[in-house]
Amino acid sequence: YQKTLDDKQKIWEAGLLDQKPTAWTVLTPTKAVSKAGPTPGEAKKASKLDVQKDGSILVSGPIENTDVYTITADAKEKTPLTAMRLEVLADPSLPAKGPGRAPTNGNFVLNELKVNQRPKVDEDEAKAKAVKLATPLATFQQEGFPVANAVDNNPTTGWAIAPQFGADQAAVFRFQGGIKAEAGVTLTFVLDQRYGSGHTIGKFRLSVTTDKNPKLQSPVPADLAKVLDTPPEKRTAAEKADLRGRYLAQDREHQRLAADAAKVPPTDARVLGAQDLTWALLNSPAFLFNR
């Protein structure tokens with residue numbers, strides 16, 4: 001069985017590669033506005049969307065009853081984009097740390113999420129085309145408010161996260177048919193939040209991927225994924241030992257055989273002879289007398 005471990009480990013590694021975390025590219029917004037915010041040149045204090053250093057957007061100002069956020073960002077990837085990720089993030093400035101702005105508990109309701117795309121070289125927003133979002137998945141969804149509600153073209157339904165307040169959550173949506181971006185693409189995201197009572201998102205971040213099999217979460221930790229992406233011939237001795245250890249930890253047949261082998265007495269005549277000699281010496285009159 002020991003001689004089969006290398007081949008078995010290769011199969012195990014290949015399986016993990018298919019499950020490794022999706023590589024997401026955070027979009028840096030070029031424009032982020034709130035429908036409830038002030039119009040250009042207006043000085044009134046209202047909802048404001050501030051882009052943070054990590055690409056996230058933090059909403060400040062009065063908590064509006066309802067709101068619509070419109071975010072514009074350029075995607076630079078040259079291969080087809082396959083999916084988007086919407087992260088809703090906790091923040092100390094939000095009620096109950098958010099990620100929503102509902103005054104009582106920090107919840108939110110995203111009634112509709114829309115995405116439009118146009119070539120980056122074309123600044124005519126009127127030529128933007130709608131992107132159909134499919135296969136929605138979320139790290140958590142409130143009973144009666146599943147994430148699928150955000151893309152069902154029904155503004156009376158929505159996605160919410162009660163009672164998981166004060167924690168980061170995320171949702172992934174596939175771009176049906178993909179988005180070709182050979183020359184770059186400009187994406188516009190519209191987050192329609194009309195539930196009322198201040199149930200709007202307080203902090204969020206948008207990302208895209210070119211992964212052919214985009215995943216919301218992965219059982220493969222980041223450190224292991226990094227080693228798996230390294231060609232076997234370039235792995236260090238420590239990395240190879242770590243991989244072998246992780247493989248053996250989940251190989252139940254190897255564990256069973258190893259446990260059985262530990263119970264079997266040695267069969268080598270030299271080992272048995274050494275044991276007999278040791279027993280004889282330990283029980284000789286001279287040894288016992290000197291003890």
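This is a predicted model: local features need pLDDT of at least 70, side-chain atom pairs count only at pLDDT 80 or more; totals for chains, interfaces and linings use all residues.
**Figure 1. The largest pocket and its lining.** Moving on to the open spaces of the model, the largest pocket has a volume of about 210 Å³. To find your way around this view, pick out the lining residues: D6, Q9, K10, E13, P232, R235, K240, L243 and R244. Which helix gives the most to this lining? That is α1, with four residues. Helices α1 (5-17) and α3 (237-250) each supply at least two residues of the lining. By residue class, the lining of the largest pocket divides into six charged, two nonpolar and one polar.

Figure 2. Searching the whole structure turns up one cavity of 30 Å³ or more. The largest cavity has a volume of about 40 Å³. Its lining is made by L27, P29, G55, I57, F204, R205 and L206. Strand β12 (residues 203-209) contributes the largest share of that lining, with three residues. How do the residues lining the largest cavity divide by class? Five are nonpolar, one is polar and one is charged.

**Figure 3. The loop between β6 and β7, with its backbone features.** Most residues other than glycine have a negative phi, and most peptide bonds are trans. A96, although not a glycine, has a positive phi of about 55°, and A96 is placed in the loop between β6 and β7. Is A96 buried or partly exposed? With a relative accessibility of 48%, A96 counts as partly exposed. K97 lies in the loop between β6 and β7, and K97 also has a positive phi, near 70°. Further along, a cis peptide bond joins G98 and P99, with omega about 15°. P99 is found in the loop between β6 (81-88) and β7 (112-119).

**Figure 4. A cis peptide bond at P163.** Here the view turns to A162 and P163, which are joined by a cis peptide bond. Omega for this bond is about 5°. Where does P163 lie? Its place is the loop between β9 (133-138) and β10 (169-179).

**Figure 5. The whole chain, for orientation.** The chain has six helices and twelve strands. Of its 291 residues, 38% are buried. Among contacts with a separation of 6 or more, 75% are between residues 24 or more positions apart.

Definitions and conventions: Residues are numbered from 1 along each chain as its sequence is written. Side-chain values use heavy atoms; hydrogens and water are left out. On a 1 Å grid over the protein atoms alone, a cavity is a set of points where a 1.4 Å probe fits but cannot get out, and a pocket is an open set with protein on both sides within 12 Å along at least five of seven lines; lining residues have an atom within 4 Å of a point. Grid points are joined across faces, edges and corners, and a volume is the space filled by probe spheres set on the points. Ala, Val, Leu, Ile, Met, Phe, Trp, Tyr, Cys and Pro count as nonpolar, Asp, Glu, Lys and Arg as charged, and the others, Gly among them, as polar. Buried means under 20% relative accessible area, exposed over 50%, partly exposed in between (1.4 Å probe, protein chains only). Contact means heavy atoms within 4.5 Å.
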